[in-house]
Amino acid sequence: MRRKHGHFANRGRRWPSVLLALVALWTYASPAQSQQVSLTPLIASDHASDVPLSDAMRRIEQLEQSVFELQHRRPTGLIEEDDLICFDAPAPESPSHYPIYDAGWTLRPYDADKTPFELTIGFHNQLRYTGFSRDEATTIDAAGNVNAIPNRNDFDVNRGRLVFSGYALDRDLGFYANIDYSTVASSSIQPLLTWISFRQSDALTLYMGLGKVPGTWEWQQTSRYTLGADRTLATTFFRPSITAGIWGNGRLGDTVSYTVFVGNGFNTLTLRSSDLDTNFVYSALAWWEPLGDFGVGFSDQEQHDHMAIRLGHGLTQTQNDSTSSDQSGAEQTVVRLSDGTRLIEPNALATGITVNAFDVWLYTVHLGLKKQGYSFSSEVFMRWLRNIEGTGGTQLESLFDSGFYVQSGVFVIPKKLELFARGSAVTGNFGTGSEVAAGVNWHLFDARSARFTFDVTDIRDSPAEQSRTGYVAGESGTLVRAQLWTFF
């Protein structure tokens, strides 16, 4: 107890020193008063016999004198005596937004009614190794052209995307901008998908901008959700592409969903108005999920406890006119015959004739099943090329091509390691092309945000060609792909 008493007694003797130090600080902050206040009488009368305290008081007096001298020889540029410090300035308002990670870095408002703006920045990257061993060095197409078939052994960024999305002015007024970069596309950097959306209700959200012509199920899904390294050969052959237009989607009740689209053309992503004809493309896709939410993609990453079913179909139609000089238009270059020959290639359908106008009708039906890590999906394609016109007004016979894919996967380690197999084929007036593939998906973090895929595909007489998927028209051989997809 005596130790405690002594401890508090010492603390009591220090209180005058603390008070005097505070007075000294006050004199520093107030130059006018620092010249008038003297601490010597107080020190002399109360603590002259306390040696440690007297030393402290002398040091305070020295500091007070130093402050006084410094105040009278301040260099220019420091605070002047008539400068005022405003202590009653209004405090800054509370921040309106806060950052959070939500499938991308998101700037989210505290109160969306007061500050209706939200921005999410996401990053996609698809690094792929491609190896291809050809069976033949060249092929001859329907037009009589000899085409080289290259071997491959290379790394590429097939898809890299910086994505901006959110809403502004109102929570129902959305925006989306996808800036794409690639080492395989004709344009290394370009806007890929961009739109403004107006949500009316669960039954309808209206979009305006650059979007996908829906057409087929596998095409409608983002490439991050494919079962293998990329979309199938049959989808690559039949699918439409990207164009500017207006579209809407929504849910009708609890089980039916749809999307409808009106746009410039079947594939006009890189075209300007001077390259387009005056015909629109019309496309619709609808699907039914009678047993509950099917989920995105084709793998059962969600591990459905009960069977999930998706059944749907789609219809796409457009006309392709000749140019003013009776030549094929730029929109028509993506349509191919079943051996991979471009429809508008000179001599493709008849000697001395080049197709310059035709109509496209594409009808698709699809089915998907998921349960406890197992998945099955399939799609059937039917395409009619009608009103085919060649140079000189020559009328040519209509063409019909059909195709399909089937694919199935199973998670041997739930949500992490999946084995899959798939096959697809295209058949028509000019032959049949096909593929058979098997591979593995490794979801690195038990989620879709990072996936490693390895697959091996045997290709026979490919009718499809597209730089991102890696198919080359006419090729036969073995395709090996190893790929890392990341999204954050």
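Residues are numbered from 1 along each chain as its sequence is written, and side-chain values rest on heavy atoms, without hydrogens or water. Because the model is predicted, local features require pLDDT of at least 70 and side-chain atom pairs count only at pLDDT 80 or more, whereas totals for chains, interfaces and linings use all residues.

The protein chain contains six helices and 21 strands, taken as DSSP runs numbered from the N terminus (helices: H or I, at least four residues; strands: E, at least two). Of its 488 residues, 42% are buried, that is, under 20% relative accessible area, with exposed meaning over 50% and partly exposed in between (1.4 Å probe, protein chains only). The accessible surface amounts to about 25200 Å², 60% of which belongs to carbon and sulfur atoms; areas follow the Shrake-Rupley method with a 1.4 Å probe, and for residues only the protein chains shown count as cover. Among contacts (heavy atoms within 4.5 Å) between residues at least 6 apart in sequence, 61% join residues at least 24 apart.

In soluble globular proteins, nonpolar side chains tend to be buried together. A nonpolar core is here a set of buried Ala, Val, Leu, Ile, Met, Phe, Trp, Tyr and Cys residues joined through side-chain atoms within 4.5 Å. The largest comprises 18 residues, and Leu 233, Phe 238 and Val 426 have the most contacts inside it. Helix α6 (residues 233–238) is the main contributor to this core, giving four residues. A second, separate core has 17 residues, including Phe 266, Val 335, Val 355 and Leu 399. Beyond its neighbours within four places in sequence, Leu 233 touches residues including Val 426, Ile 459, Pro 463 and Tyr 471.

Ser 338 is located in the loop between β13 (308–320) and β14 and is buried, at 1% relative accessible area. Its side chain reaches the backbone nitrogen of Phe 430 at 3.0 Å, and a polar atom of that side chain lies 3.0 Å from the backbone oxygen of Gly 431. Leaving aside neighbours within four places in sequence, the contacts of Ser 338 include Phe 237, Asp 401, Val 426 and Pro 463.

At the surface, Trp 288, Leu 311, Val 365, Leu 367, Phe 376, Val 380, Phe 404 and Val 406 form a nonpolar patch with about 600 Å² of accessible area together. Such patches consist of residues with over 30% relative accessible area and no salt bridge, nonpolar side chains (Val, Leu, Ile, Met, Phe, Trp, Tyr) being joined within 5 Å and like charges within 9 Å; a salt bridge is a side-chain nitrogen of Lys or Arg within 4 Å of a carboxyl oxygen of Asp or Glu. Strands β14 (355–371), β15 (374–390) and β17 (399–413) each give two or more residues to the patch. Phe 376, in strand β15, is partly exposed, with a relative accessible area of 31%.

Definitions and conventions
A polar contact is a pair of N or O atoms within 3.5 Å; within protein, one must be able to donate a hydrogen and the other to accept it, and residues adjacent in sequence count only if both atoms are side-chain atoms.
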